[in-house]
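Please examine the structure shown below with its helix packing in mind.

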Amino acid sequence: MLLVCLAAGATTLLDQAVLNIAVPSMRQSLGATGADVQWIVAGYSLAFGLALVPGGSLGDLHGRKRLFMAGVAVFLAAGVTAATGGGPVTLIGARLVQGAAAGLVNSQVIATIQDVFHGVDRGRALGLYAVTGGVATALGPPLGGALVAGLGPGTGWRCCLLLSGPCAVLTLALGARWLPPPRRTARDSRLDLLGLGLLCGCTLALMVPFIRTPDSGGEALLWAIAVCVLAAVLAAHQRLRVRRGRPPLVHPTLTSSKPYALGTAVAMAQFGSSLAAFLVLTVFLQDGLGLSALLTAAVTLPGAVGMGISSALAWRLVRRIGPRTVSVGLTLGIGAALSGVAVALWVPTPVLPAALAGTQLMSGAAGGLTVSPNQTQVLQHAPAEAAGVGGGILQMAQRIAAAICLSAVPAVYLHVASGPPGGSHARAGYALASCVCAGLLAAGLLLSLLRHAATPPGPSAAASANRTVVVPRSKETT
C-alpha cells in the first residue's frame with residue numbers, strides 16, 4: 001500500500017519538474033505568449049491546490065480507492081491531451097485538469113497514510129513520501145533537458161509531458177491490486193457544498209494575484225478584499241452548521257487546535273522558502289553564471305541526496321528528541337541559506353558551482369529533518385473522520401505559500417540582478433534572495449517553538465512510537 005502512495009507522489013511531482021526545464025522550447029514551438037506560459041506552468045499548481053480539500057472531504061465521505069483510481073486515470077488522459085495539443089489554449093485546459101486530478105490523488109495519498117500507519121511508522125511512511133518527492137523533483141530537470149537535447153525542441157517538450165504516462169499506468173495497476181476497498185470514515189455522508197465553494201473561492205482569490213501580475217494596484221486591492229470577505233463568510237457558515245448540528249467542512253478539532261494551526265504555518269514557511277530558493281538558484285546558475293540545464297541539475301542534485309538520507313533517518317532522531325527534530329531541521333536550513341549568502345558573495349567563480357552544491361546538500365538534509373516530522377506532528381491532531389480534510393488543508397496551505405513565495409522571492413532576485421553573466425549584480429541578487437529565504441525559515445523556527453510550548457505534555461516519543469493506535473484528542477471522536 002505504501003508503494004502505491006509513493007508511486008502516485010512520484011507520478012504527479014515528476015510531471016511538474018520535467019516540464020519546467022522544457023518551457024523555452026514549448027513556448028517557441030507553440031508560439032505561446034508570456035501569459036500563456038505563465039498559466040501553463042502555474043495553472044497546474046493552482047488547480048492542484050483547489051482540489052486538495054474537496055478531494056480529502058470526498059475521500060472521508062465515500063472512501064478513497066475509487067477517487068484515487070479516477071484521479072490517476074484523469075491525470076493520465078489529461079497528460080496525453082496536453083502532449084498532443086496543437087495550441088496554447090488546449091495545453092492550458094489540459095494542464096488545469098491534470099493539476100486538479102493530481103490534487104485529488106495526493107489528498108487520498110496523505111489520508112491513506114494516516115489511515116494505515118500509526119506512531120513512528122506514520123513518520124517513516126511520510127518520510128519515504130518526502131524522499132520520493134525530492135527524488136522526483138531532482139530527476140525532473142536532467143530528464144527534461146536530456147529529452148529536449150536529444151529529440152529537438154519541437155518533439156522534446158511533448159515527450160516531457162508524456163514521461164509521467166508510464167508511471168501513471170503503473171500506479172493504476174498497483175492501486176487496483178493493493179489499495180483497500182472503499183471505506184467511509186466520516187460519520188455524516190452529507191457534503192458541505194457551500195463550504196467547499198467558499199473555500200475554493202478564497203483559495204483562488206489568494207493564489208491568482210501571485211500567478212498573474214495584477215494590472216494595477218486597484219486590482220490587487222480587489223483581490224485582497226475578496227479574500228477577506230470570502231474568509232469571513234466561510235467562518236460564519238462553519239459556525240452556523242455546528243450550531244445546527246450539521247457536520248462542517250473543517251472539523252472543529254482542526255479549527256480549535258493550536259498545534260495543528262502552528263504546525264501548518266511551519267509547513268507553509270518551510271515549503272515556500274524551499275521552492276523559492278530552488279527556483280532562484282536555477283535562474284542564478286543559468287542566467288547569472290551561464291551554466292547549461294544539465295550542469296544546473298548537477299548542482300541541485302546533492303539537495304535531493306541530502307533530503308533522501310536525512311528523511312530516511314529522521315525518525316531515529318524523533319525517537320530521541322521528539323518534536324524538537326523540526327526545530328533542529330529549521331535551524332540547519334537557516335544555516336544552509338546563510339552559507340549560500342557567504343558563498344555567493346565571496347567564493348571565486350570557477351569553484352562557485354561546487355560550493356553551491358555543498359550548500360544544497362546541507363539544505364536537503366535540513367528539509368529531510370523538517371518535512372516528514374512536521375507533517376506527522378500536524379496530522380496527529382486530525383481526527384480519523386477528518387483525515388482527508390486535515391491532510392488537504394495542510395497541502396493547500398503549502399500551495400498557497402508556494403504561490404506567494406515563488407512570486408515574491410524571485411522578484412527580489414530579479415530586481416537586484418542585472419548585467420552580464422557572472423557579474424556581481426547576479427551574486428548580490430542571489431545573496432539577498434537567500435537572506436529572504438533564511439528569514440522565512442526563521443519565522444518557521446519561531447512558530448515551531450511556539451507550537452512546542454502550546455502542545456500539552458503527553459507520552460514520551462519512545463512510548464508514542466510503540467503504540468499501535470493514536471488516541472484522538474477530540475471529545476467527539478472519542
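In this predicted model, helix α9 (residues 193-211) packs against helix α16 (residues 387-416) at an angle of about 20°, and the two axes lie 8 Å apart. Angles under 35 degrees count as roughly parallel, and α9 and α16 are therefore roughly parallel to each other. The crossing in which α9 passes α16 is left-handed. On the α9 side, the contact is formed by Leu199, Thr203, Leu206, Met207 and Phe210, while α16 contributes Met396, Arg399, Ile400, Ala403, Ile404 and Ser407.

A second pair of helices can be described in the same terms. Helix α6 (residues 120-151) packs with helix α15 (residues 352-379) at an angle of about 135°, with the axes 8 Å apart. These two helices, α6 and α15, are therefore oblique to each other, and their crossing is right-handed. Arg122, Gly123, Leu126, Gly127 and Ala130 of α6 meet Val371, Ser372, Gln375, Thr376 and Leu379 of α15. Here the contact of α6 with α15 divides into four nonpolar, five polar and one charged residue.

The nonpolar cores come next. In soluble globular proteins, nonpolar side chains tend to be buried together. The largest nonpolar core in this model has 50 residues, of which Val53, Phe68, Val109, Ile113, Leu254 and Ile393 touch the most other members. With residues up to four places away in sequence left out, Leu254 touches Tyr260, His381, Ala382, Pro383, Val389, Gly390 and Ile393. Another core, of 24 residues, lies apart from the largest one and includes Val343, Leu356, Ala417 and Ala431.

Two individual residues complete the account. Beyond its neighbours within four places in sequence, Gln98 is in contact with Asp15, Tyr44, Phe75, Ala78, Gly79 and Ser164.

Thr137 belongs to α6. Its relative accessibility is 30%, so Thr137 counts as partly exposed. Between Thr137 and Leu199 there are 29 Å in space, C-alpha to C-alpha, and the two are 62 residues apart in sequence. Leu199 is one of the α9 residues that make the contact with α16.

Technical notes:
Residues are numbered from 1 along each chain as its sequence is written. This is a predicted model: local features need pLDDT of at least 70, side-chain atom pairs count only at pLDDT 80 or more; totals for chains, interfaces and linings use all residues. Side-chain values use heavy atoms; hydrogens and water are left out. Axes are lines fitted to C-alpha atoms, for helices over the stretch in contact, and angles run from 0 to 180 degrees between N-to-C directions. Helices (H or I, at least four residues) and strands (E, at least two) are DSSP runs, numbered from the N terminus. Angles under 35 degrees count as roughly parallel, over 145 as roughly antiparallel, 65 to 115 as roughly perpendicular and the rest as oblique. A crossing is left-handed if the near helix is turned anticlockwise from the far one by less than a right angle, and right-handed if clockwise. Contact means heavy atoms within 4.5 Å. A nonpolar core is a set of buried Ala, Val, Leu, Ile, Met, Phe, Trp, Tyr and Cys residues joined through side-chain atoms within 4.5 Å. Buried means under 20% relative accessible area, exposed over 50%, partly exposed in between (1.4 Å probe, protein chains only). Ala, Val, Leu, Ile, Met, Phe, Trp, Tyr, Cys and Pro count as nonpolar, Asp, Glu, Lys and Arg as charged, and the others, Gly among them, as polar.
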